[in-house]
Every structure is written in structure tokens, then in C-alpha cells.
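The tour moves from one element to the next.

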Amino acid sequence: MARVLTTSHDIFLNVKALVSSNQKLLVGAQLLNNVAYLSLLMCGSFQLQIVSLSTQIIFNLATSYFNFSKGNYIETALTLLMSAIRSKQVYGYCELWNRRQKIEQAIKNVFVGKMGKNWQFPSDHLPIGVDIDGEFKVISWNVMNNCYMPWVKQKDSQGLKGSMLTELDVIVNQEGLTKRD
């Protein structure tokens, strides 16, 4: 919460300085950086992390230009170094974003039609596994909650009526435990 307050205050000061400053490029880059950072704090995501780091690169490049024009070569070199570090961080987040896209593409749902008695699993989901570039593996097994059985038995919304899933939906004790359970 403190970061949100301080960054909001910085944005206010940036807007105020932008009106009266003769260094609009530098103040504008700082304002852009602070707005991106506040957005990241409020709604964190890969995309906003990339935007925030990119605005830091822009701000550091503007600062380097300002320092260079004033003859501050050490400060110029240091802010250019910081830009290079942020660029490496952006690259890492872009790689993570790319990996996430590959995972999402690999596990997209595909409707294969009504399976009925050919479906021989006690759940409405197959166990799934995804191997991304030999580096990252995801394995999942989702077991369907009994309260959704009417969707399978009466509505047949997934084409699984008459499958093992419905055959095993027989209550075996007073607590409501089924064979499928």
C-alpha cells in the first residue's frame, strides 16, 4: 500500500513538474515510468511487467541524454548500464510470456463429439500432460464434483451420458458416497 501511495504522489509531482519544466522529455519519461509502475502494482501481469520495465528503459535513456548534454559522462554511463540491465530483464519476461503462450496453445480445448459408452474414465476430464520444449512439464487430473452430474446425466452437455462416469454414479451408503467416488 505504501508503494501505491508514494508512486501516486510521484505521479502528482511529475504532472506538476511537466507543466512548469523546460525538461519535458525527462519529466514526461519519468511520468510514463511512474504510471506504468502504478499500473503494475494495481493489476500485476506479465504484460504490465514488460511495459513497466520498458518505461524504465525509456526513462534511463532520457536521463542518459540529459546527463550527456550537461557533460556528466559518469552518470550517462551508469544510466546506460541500467538501461542494459532492464533490457535483459525485459528479455527474460518476454521469454516467460512466450512460454506461457505455448502452454496455453498446447492445452486448448478441442470438442471431439459425443463419446457416450466409449468414455472409460470416472471423471469428465482426461488426465493431461504438457511438455514445453523439454524444459517445463505440467500434469493435471481434474475429478468432477458430484453436484455437476445432472449436466452429464440429464443435459448430456459434454456427450458423456452412458459412459463409465454415469455408470459409476450409484450411491453406495447413507452419506451419498458413489462408486465413482
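Select helix H3 first. Helices (H or I, at least four residues) and strands (E, at least two) are DSSP runs, numbered from the N terminus.

Some ground rules. This is a predicted model, where local features need pLDDT of at least 70, side-chain atom pairs count only at pLDDT 80 or more, and totals for chains, interfaces and linings use all residues. Residues are numbered from 1 along each chain as its sequence is written, and side-chain values use heavy atoms, with hydrogens and water left out.

Axes are lines fitted to C-alpha atoms, for helices over the stretch in contact, and angles run from 0 to 180 degrees between N-to-C directions. Ala, Val, Leu, Ile, Met, Phe, Trp, Tyr, Cys and Pro count as nonpolar, Asp, Glu, Lys and Arg as charged, and the others, Gly among them, as polar.

**On to H4**

Step past the end of H3. Gly 71 follows H3 and has a positive phi, near 80 degrees. Now select residues 73-106, helix H4. The axes of H3 and H4 come within 8 Å and cross at roughly 165 degrees. H3 and H4 are therefore roughly antiparallel to each other. What classes of residue make the contact of H3 with H4? There are 14 nonpolar, 13 polar and three charged.

**Back to H1**

Select residues 2-20, helix H1, together with H2. This pair packs at about 155 degrees, with axes 9 Å apart. H1 and H2 are therefore roughly antiparallel too. Show side chains: among those that meet are Val 4, Ile 11 and Leu 18 in H1, and Leu 31, Leu 38 and Met 42 in H2. The contact divides into 13 nonpolar, six polar and three charged residues.

**Last stop: the hairpin**

Select strands E1 (residues 128-132) and E2 (residues 136-140), which run antiparallel and are joined by five bridges. Strands pair if DSSP finds at least two bridges between them. Ile 132 stands opposite Phe 136 in E2. Three residues lie between the strands of this hairpin, and Asp 133 in the turn has a positive phi of about 55 degrees.

Key:
Parallel < 35°, antiparallel > 145°, perpendicular 65-115°, else oblique. Contact = heavy atoms within 4.5 Å.
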